[in-house]
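Biologist: I have a structure open and would like to go through it with you. Can we take it piece by piece?

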Amino acid sequence: MAISLIATSKTHYPNSTGKGCKYAGHSVKALPIRILTVGKKRSPGVQLIVDDYIDKLKYYCRVEDVRVKSNPKNARDVIAQIEHEDMAVMDLIRSNEWVVMLDEHGLDVGSEQMASLIGDASNKGASSLLFCIGGPYGHGRQLRERANVSIKLSSLVFNHEIALVVFCEQLYRAWTILKGQKYHH
């Protein structure tokens with residue numbers, strides 16, 4: 001069951017306007033979250049930060065850190081590498097999972113809109129959330145077609161380790177917004 005709750009062209013998460021999150025202070029079902037990254041082995045410092053945020057997120061929802069090896073078949077051609085990574089990612093996506101692709105061309109969302117995005121998925125029937133961070137050459141065609149929404153963390157382009165750290169912090173921030181806690185100002 002593919003959930004087409006949000007698509008880049010259908011629903012717009014406006015930039016931060018001061019209006020806040022539409023779910024702040026309301027009950028939001030805590031869906032399990034999987035964070036999927038394509039890349040090489042993480043540096044110990046990055047892993048330490050990611051583990052710290054995942055520990056913090058456990059108070060709000062179950063979080064699983066899923067990794068796909070960059071260039072799993074050692075392709076010499078960039079297009080072949082993207083296709084192989086794409087197939088590996090697609091093999092891990094569950095049919096009723098709500099898929100958020102992090103991409104430099106995605107929707108520009110603020111922290112409150114990230115919280116709203118989580119609330120939307122939680123309140124519209126998804127069984128879990130999957131956030132995908134691509135490899136060095138980005139995401140493949142199949143994931144782009146399957147994703148329910150594509151968002152960007154910044155107008156800047158980050159390598160996958162920096163993107164993961166920034167994303168984990170924003171995911172934690174989103175949950176504190178949803179719960180009305182004093183982390184986000």
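Biologist: What kind of model is it?

Modeller: This is a predicted model.

Biologist: How many helices and strands does the protein have?

Modeller: Five helices and five strands. Starting at the N terminus, the order is β-α-β-α-β-α-β-α-β-α.

Biologist: And what percentage of the residues count as buried?

Modeller: The protein has 185 residues, and 52% of them count as buried.

Biologist: On to pockets. How much space lies in the largest pocket?

Modeller: About 410 Å³. Its lining is made up of 21 residues, and those nearest the centre of the pocket are Leu102, Asp103, Glu104, Val157 and Phe158.

Biologist: Which elements give two or more residues to that lining?

Modeller: Strand E3 (97-108), E5 and H5 do. E3 supplies the largest share, with three residues.

Biologist: How do the lining residues divide into nonpolar, polar and charged?

Modeller: Ten are nonpolar, seven are polar and four are charged.

Biologist: Where does serine 154 lie?

Modeller: Serine 154 is in the loop that runs between strand E5 (149-152) and helix H5 (160-178).

Biologist: Is serine 154 buried or exposed?

Modeller: Buried, because its relative accessible area is 19% and the cut-off for buried is under 20%.

Biologist: What lies 2.9 Å from a polar atom of its side chain?

Modeller: The backbone nitrogen of leucine 156 does.

Biologist: Change of topic. How many aromatic pairs does the count come to?

Modeller: Four aromatic pairs. One of them is tyrosine 53 with tyrosine 172, whose ring centres are 6.0 Å apart with the planes at 55°.

Biologist: What about phenylalanine 131 and phenylalanine 167?

Modeller: Their ring centres are 4.7 Å apart and the planes are at 45°, so this pair is tilted. The pair also links distant parts of the chain, with phenylalanine 131 in strand E4 (residues 128-133) and phenylalanine 167 in helix H5, 36 residues apart.

Biologist: Are those two phenylalanines buried or exposed?

Modeller: Phenylalanine 131 is buried, at 0% relative accessibility. Phenylalanine 167 is buried too, with a relative accessible area of 0%.

Biologist: Back to the tyrosines. Which residues form one aromatic cluster?

Modeller: Tyr53, Tyr60, Tyr172 and Trp175.

Biologist: And which rings does the charged end of lysine 56 sit over?

Modeller: The charged end of lysine 56 sits over the ring of tyrosine 53, at 4.9 Å from the ring centre. The charged end of lysine 56 also sits over the ring of tyrosine 172, at 5.4 Å from that centre.

Biologist: Last one, isoleucine 79. Where is it found, and is it buried or exposed?

Modeller: Isoleucine 79 is in helix H2 (residues 78-90). Isoleucine 79 counts as exposed because its relative accessible area is 54%, and the cut-off for exposed is over 50%.

Biologist: What separation do the C-alpha atoms of isoleucine 79 and glycine 140 have?

Modeller: They are separated by 8.9 Å, although the two residues are 61 residues apart along the chain.

Methods:
Residues are numbered from 1 along each chain as its sequence is written. This is a predicted model: local features need pLDDT of at least 70, side-chain atom pairs count only at pLDDT 80 or more; totals for chains, interfaces and linings use all residues. Side-chain values use heavy atoms; hydrogens and water are left out. Helices (H or I, at least four residues) and strands (E, at least two) are DSSP runs, numbered from the N terminus. Buried means under 20% relative accessible area, exposed over 50%, partly exposed in between (1.4 Å probe, protein chains only). A polar contact is a pair of N or O atoms within 3.5 Å; within protein, one must be able to donate a hydrogen and the other to accept it, and residues adjacent in sequence count only if both atoms are side-chain atoms. On a 1 Å grid over the protein atoms alone, a cavity is a set of points where a 1.4 Å probe fits but cannot get out, and a pocket is an open set with protein on both sides within 12 Å along at least five of seven lines; lining residues have an atom within 4 Å of a point. Grid points are joined across faces, edges and corners, and a volume is the space filled by probe spheres set on the points. Ala, Val, Leu, Ile, Met, Phe, Trp, Tyr, Cys and Pro count as nonpolar, Asp, Glu, Lys and Arg as charged, and the others, Gly among them, as polar. Rings of Phe, Tyr and Trp (its six-membered ring) pair if their centres lie within 6.5 Å; planes under 30 degrees apart count as stacked, over 60 as edge-to-face and the rest as tilted. A charge sits over a ring if NZ of Lys or CZ of Arg is within 6 Å of the ring centre and within 35 degrees of the ring normal.
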